[in-house]
Amino acid sequence: MGIWSNYEKHTEIIVFDWNKILAKSPRMRFCAKSMLLSDWLFLVYVLMVCCKLLSASSHHPRGHTGQHQVKQGTCEVVAVHRCCNKNRIEERSQTVKCSCFPGQVAGTTRAQPSCVEASIVLQKWWCHMNPCLDGEDCKVLPDYSGWSCSSGNKVKTTKVTR
C-alpha cells in the first residue's frame, strides 16, 4: 500500500486497423494516401509529446520524494521531531540531508545544519565548527558525545547520533 494506495495508473493501448477505416471512407482513403512521410512523422511526434505531457502530469505528487537534490556544499532539514521527556525537558531532533564537498561532512554552524571539515567530527572538536549562536558559550560534553551552548541560565545540549 504505502504512498501509492490512492494512485492507480491506467494505460490503454488502442490498435487501429487502417484497412477497415480506409475501406469505409473514400475521402479518408484519398487523404491518407496523399499525406507525405514528413506529415506522418510530424503527427507521430505531436502524439508522442502529448502522451509524454499527460504521463508526467498524472504522477502522484509524493512519488518522487527521494529524487530531490541538495546543492553541493549545503544542507537542508528533511524531518523535525519535538517532544518532552519524563522530566519535562524539551527534546528536539532533526534529520538532515547534506551534499558536502570532499573532505567535509554534515555538521552544525550557528545552530544550523552545514558542511564542516571532516577532521572536526572525527576528532570530536565540536566547538571548532562554531555550533552555537553569537553570544553563546560552547563546551564539549565530558564524554565527547556532543556539546552544549549556554547563555545566562539557558543551556542547550546537543548529542551527536548516527
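Reader: Is W147 buried or exposed?
Author: Happy to start there, and keep in mind that this is a predicted model. The relative accessibility of W147 is 3%. Buried means under 20% relative accessible area, so W147 counts as buried.

Reader: Which residue forms an aromatic pair with W147?
Author: By the ring rule, the count comes to one aromatic pair. Its rings sit 5.7 Å apart, centre to centre, with 40° between the planes, which makes the pair tilted. The partner of W147 is W126.

Reader: How many residues apart in sequence are the parts that this pair ties together?
Author: W126 lies in the loop between α4 and β5, while W147 belongs to strand β6. The pair therefore ties together parts whose separation in sequence is 21 residues.

Reader: Which elements give two or more residues to the largest nonpolar core?
Author: The largest nonpolar core has eight residues, among them W126 and W147. V116, I120 and V121 are also included. The elements that give two or more residues to this core are α4 and β6.

Reader: Which residue meets R110 in a salt bridge?
Author: A search of the whole structure finds two salt bridges. In one of them, R110 takes part from the loop between β3 and β4, with a partner 24 residues apart in the loop between α4 and β5. The N to O distance is 3.6 Å, and the partner is D134.

Reader: Is E136 buried or exposed?
Author: E136 meets K156 in a salt bridge at 3.0 Å, N to O. K156 is partly exposed, at 32% relative accessible area. For E136 the relative accessible area is 19%, and because the cut-off is under 20%, E136 is buried.

Conventions
Residues numbered from 1 in each chain as written. Predicted model: local features only at pLDDT ≥ 70, side-chain atom pairs only at ≥ 80, totals over all residues. Heavy atoms only, no water. Phe/Tyr/Trp six-rings, centres within 6.5 Å; stacked < 30°, edge-to-face > 60°. Helix = DSSP H or I, 4+ residues; strand = E, 2+ residues; numbered from the N terminus. Buried < 20%, exposed > 50% of the residue type's maximum accessible area, 1.4 Å probe, protein only. Core = buried A, V, L, I, M, F, W, Y, C linked by side-chain atoms within 4.5 Å. Salt bridge = Lys/Arg side-chain N within 4 Å of Asp/Glu carboxyl O.
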